[in-house]
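Dear colleague,

I am passing on a structure that I have been going through, and I would be glad if you could look at it alongside my notes. Please open it first, and then read what follows with the residues in view.

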Amino acid sequence: MAFLQGLPLRPYQLLRLGHVAYGRFSNARYLSASALLHKSNSESNQQTAASRTTHFGFRDVPEDEKEELVRDVFSSVAKSYDVMNDVMSFGIHRIWKDHFVAKLDPGRRPGGEPLSVLDVAGGTGDIAFRMLDWATEIHNDHQSKVLVVDINDDMLKEGHKRSLATRYADGSRIEFKVQNAEVLDAVPDNSQDLYTVAFGIRNFTNIPAALRAAHRVLKPGGVFACLEFSKVNVGILDMIYQQYSFSVIPLMGQLVAADRDSYQYLVESIARFPSQKEFARMIQDAGFEVSGDGYEDLTFGVAAIHTGVKV
Amino acid sequence: MRPRVPTNFSPCVRLLRRNYTYNAPIPNYPGHVPTNIFQKLFLAAGSGIYSFFDPTRGDLIATLGEATALPFLMERLRDRMLADPTGRRILRERPRITSSSLHIDQLLEYPENTIGRTYAEWLKREGVSPDTRAPVRYIDDEECAYVMQRYRECHDFYHAITGLPIIIEGEIALKMFEFANTAIPMTGIGAVLAPLRLKPKQRERLQTIYFPWAIKNGASAKPLINVYWEEILDRDVQKLREELGIEKPPDLRGLRKKRISRL
């Protein structure tokens, strides 16, 4: 059975983590050592945050400005966000999100405790509502809760508006908060069972910091899951996909949402995001255990689901 | 280590092995978005259909104008500017009209019947400001992009000296006038397709009064693109009309009011 460095998994976590291979302990990292290393790095980095530049799409911007720029992009796309997702991916994004939630299979198991799920950068609530519906309908779980955090208040307002039309309108199972994913100051340590981020992590200024924050807030045995655009793994399809992205999507943004620049940023940020293997490496560096490659490709790699477990 | 693909393989094989890197086209001027013919067609079709059903999207009308700006016709307009001394000066100095460059409140103090006063009064009456013109993005030639920008910014002046209001009928009549005067394709498209949205009485008014006026005056007038508006703000409007060869059309708002009061 599973004995992860002396931390036994709870029964419901064993059932849920059927896809995690427990045989990879030769690669297991010692959590405390790596966490300390990362802490000291970030302290020295803080002094130079303003002078260091990061990428914003294909532009280089000072690190402390990127957060504001990303917030502005999503403020301007908030209302038409879903329409644009449908137009850009021909509706396939719904299939991806459904598969993501089905794979995670959230929900209290018989004899187990209700889950506390943290959905990061989940402003409009797509994933949150899907998870609550899955838990309620498949597992008859009326107690698991989702905390939706996002850096952008407009997206959260959209999400809150939508929640009022669902059965979760009373707010007892879903909560919306403005938080920075790299800090998550309102979320206590070791408090969440499941951390999800769907199509948000490529916008973060400091992805390793966000991964470390994810590691902090998850309970031992908690699962980190990320659904994100990634690199298409077949050459010709990659060419067609990139041509389509750069030539058509910004123009569609102009027509549908009157905002070409935000969609130009979106396709550039997709191109900038690390490949599946690199990102799996980053997840491991943050202290998560991954199984196999650590990711699953969707639609030839247009999107990918990365998962990890906090040991 | 993966063996390197020899570069004398055909591009097809190279694509199968290596990751494709999209090379963004280089812009010709700040704010330029280079587009190929297919993208222009896509933009033209999309913005045309969208703005037909939702005419409040002014940015789409601008996009339609830029996507349909055939290089031949824009260059012809630019050459007409080059043929005139004032036009040449405008192309050299590249003036831009914004609310900060014009000082609208000062213009309201100008004497009656000056261009500046007429323009400022028209702006006030219609409730618009000169800052509502979007920058040109999809025209590839840098100079033609400026010509289009200049046309867009002077559009309000054309409204002011013809007296046509901002309501859709007035805009259509002015578009026909501009088409006859500048030959920019979007003005023609707007003038021909937009009346389909009008009521029969409005269309009749356009057909009998305003279109004949627009075509006659637009074709025979001197090119309005060559007028250096910023320099002649204190000149008399009627003198300018006589110089350019434009007659003032009947007051559209007055005609509409009369008809409504008669009903």
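**Cysteines**

A:C226 counts as buried, since its relative accessibility is 0%. Please keep in mind here, and in everything below, that this is a predicted model. B:C154 is likewise buried, with a relative accessible area of 0%. How far is the sulfur of B:C154 from the closest cysteine sulfur? The closest one is in B:C144, at 16 Å, and this is too far for a bond. As background, a disulfide is a covalent bond between the sulfur atoms of two cysteines. When the whole structure is searched, zero disulfides are found over all chains.

**Annotated site in chain B**

An unreviewed UniProt entry gives the annotation "binding site" to B:H155, B:D156, B:H159 and B:E171. These residues are spread over 17 residues of sequence, yet they cluster in space, with a largest C-alpha distance of 10.5 Å. B:D156 is found in helix α9 of chain B, and B:H159 has its place in helix α9 of chain B as well. B:D156 is buried, with a relative accessible area of 3%, while B:H159 is buried at 0%. Not counting residues up to four places away in sequence, B:D156 touches B:Y119, B:W122, B:L123, B:S129, B:P130 and B:R133.

**Annotated site in chain A**

For chain A, the unreviewed UniProt entry lists A:T124, A:D150, A:N180 and A:A181 under "binding site". The lining of the largest cavity takes in A:T124, A:D150, A:N180 and A:A181 from this set. A:N180 lies in the loop between β5 (174-178) and β6 (192-198) of chain A, and A:A181 lies in the loop between β5 and β6 too. Is A:N180 buried or exposed? A:N180 counts as buried because its relative accessibility is 18%, and buried means under 20%. A:A181 is buried with a relative accessible area of 7%. Leaving aside neighbours within four places in sequence, A:N180 is in contact with A:E67 and A:I151, whereas A:A181 is in contact with A:V120, A:F204, A:A210 and A:A213.

**A helix with a buried side**

In helix α11 of chain A (residues 276-285), the buried residues are A:Q276, A:F279, A:A280, A:I283 and A:Q284. They cover an arc of only 145° around the axis, and therefore they sit on the same side of α11(A). The buried residues of α11(A) pack against α8 (207-217), β7 (218-229), β8 (288-289), β9 (295-298) and β10 (303-310) of chain A. After α11(A) comes A:G287, whose phi is positive, near 110°.

With best wishes

Note on methods:
Residues numbered from 1 in each chain as written. Chains lettered and ligands numbered in written order. Predicted model: local features only at pLDDT ≥ 70, side-chain atom pairs only at ≥ 80, totals over all residues. Heavy atoms only, no water. UniProt positions renumbered as here; feature names shortened; annotations may be inferred. 1 Å grid on protein atoms, 1.4 Å probe; cavity = no way out; pocket = protein on both sides within 12 Å on 5 of 7 lines; lining within 4 Å. Helix = DSSP H or I, 4+ residues; strand = E, 2+ residues; numbered from the N terminus. Buried < 20%, exposed > 50% of the residue type's maximum accessible area, 1.4 Å probe, protein only. Contact = heavy atoms within 4.5 Å. Disulfide = S-S within 2.5 Å. Arc of directions from axis to C-beta.
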